[in-house]
Amino acid sequence: MNLVDVTRLSNGPITDLISWLQREKLIANPLRCLPCNRGMVLAERDANHVDGYLWRCTVCRQRNLSCEGSFFAEFPRVPLGKLVLLIYLWSLHELCSKSADMVGLTRNTVGNVFAMLRYLCKRDLQSRPITPFGGRVFVVKCDESQFKHKSKYERGQRARDDVWVFGVISTEYSPCRG
Ligand SMILES: [Zn+2]
């Protein structure tokens with residue numbers, strides 16, 4: 001997905017955005033009403049509300065946010081489309097202040113959204129650690145290096161952030177794999 005696609009999605013009809021988030025398994029489809037153990041239905045709500053839709057249980061009439069139980073529910077006052085744009089900008093390492101200007105939110109709000117994204121990635125890495133090598137005993141060599149090259153003849157753009165590169169090779173295979 002590029003910026004054109006993300007912008008079109010975030011500015012398009014809210015129903016298209018909700019369907020897309022459901023297809024990507026980012027929000028419930030459908031949300032289940034726990035007391036009744038039944039799928040809830042998406043119903044239109046006050047048009048002034050940020051996302052315009054909510055889940056309603058047809059039995060007990062309980063209501064929930066359309067994004068209940070997801071990352072998006074952490075920010076109920078930020079429109080879904082803006083949150084999708086922020087996820088895209090965050091994935092590109094865009095600065096908090098620039099992102100805030102681009103989507104028309106306060107730096108504080110964007111800072112909270114970015115902090116939540118970092119937290120969720122950290123939690124995911126902790127719960128599903130990457131174990132590229134395991135099992136039998138082999139020699140594994142690890143090293144890291146900071147890429148901060150000076151540009152040649154002062155041309156071109158320098159990287160905004162220092163780039164750390166981490167490499168691992170294993171003698172499990174021949175030739176070694178890294
Ligand atoms: Zn119910």
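**Secondary structure and packing of the predicted model**

The protein contains 5 helices and 7 strands, where helices (H or I, at least four residues) and strands (E, at least two) are DSSP runs numbered from the N terminus. The structure is a predicted model, in which local features need pLDDT of at least 70, side-chain atom pairs count only at pLDDT 80 or more, and totals for chains, interfaces and linings use all residues. Residues are numbered from 1 along each chain as its sequence is written. The order of elements from the N terminus is α-α-β-β-β-β-β-α-α-α-β-β.

Of the 178 residues, 16% are buried (20 or more other C-beta atoms within 10 Å of the residue's own; exposed residues have 12 or fewer, partly exposed ones lie in between, and C-beta atoms are placed from the backbone). Among contacts (C-beta atoms, placed from the backbone, within 7 Å) with a separation of 6 or more, 44% involve residues 24 or more positions apart.

Helix α2 spans residues 14-23, and its buried residues are Leu17, Ile18 and Leu21. Viewed down the axis of α2, these residues lie within an arc of 100 degrees and therefore line one face of the helix; the arc is that of the directions from the helix axis to the C-beta atoms. Thr15, Asp16 and Arg23 are exposed on the other side of α2. The cover over the buried residues of α2 includes α1 (3-11), β3, β4 and α3. Lysine 25, which follows α2, has a positive phi near 60 degrees.

Two of these covering elements, β3 and β4, belong to an open antiparallel sheet of 3 strands in the order β3-β4-β5; strands pair if DSSP finds at least two bridges between them. Because β3 (41-44) and β5 (63-65) are edge strands with a single partner strand each, one side of each has no neighbour in the sheet. On average, neighbouring strands of this sheet are turned by 40 degrees against each other, direction ignored. Strand β3 is joined by 4 bridges to the antiparallel strand β4 (residues 53-56). Alanine 43 has leucine 54 of β4 as its bridge partner.

Helix α3 (residues 80-91) and helix α4 (residues 96-103) have axes that come within 11 Å and cross at roughly 145 degrees. Axes are lines fitted to C-alpha atoms, for helices over the stretch in contact, with angles from 0 to 180 degrees between N-to-C directions. In α3, Lys82, Leu85, Leu86 and Leu89 meet Ser99, Met102 and Val103 of α4.

Notes
Two residues are in contact if their C-beta atoms, placed from the backbone, lie within 7 Å.
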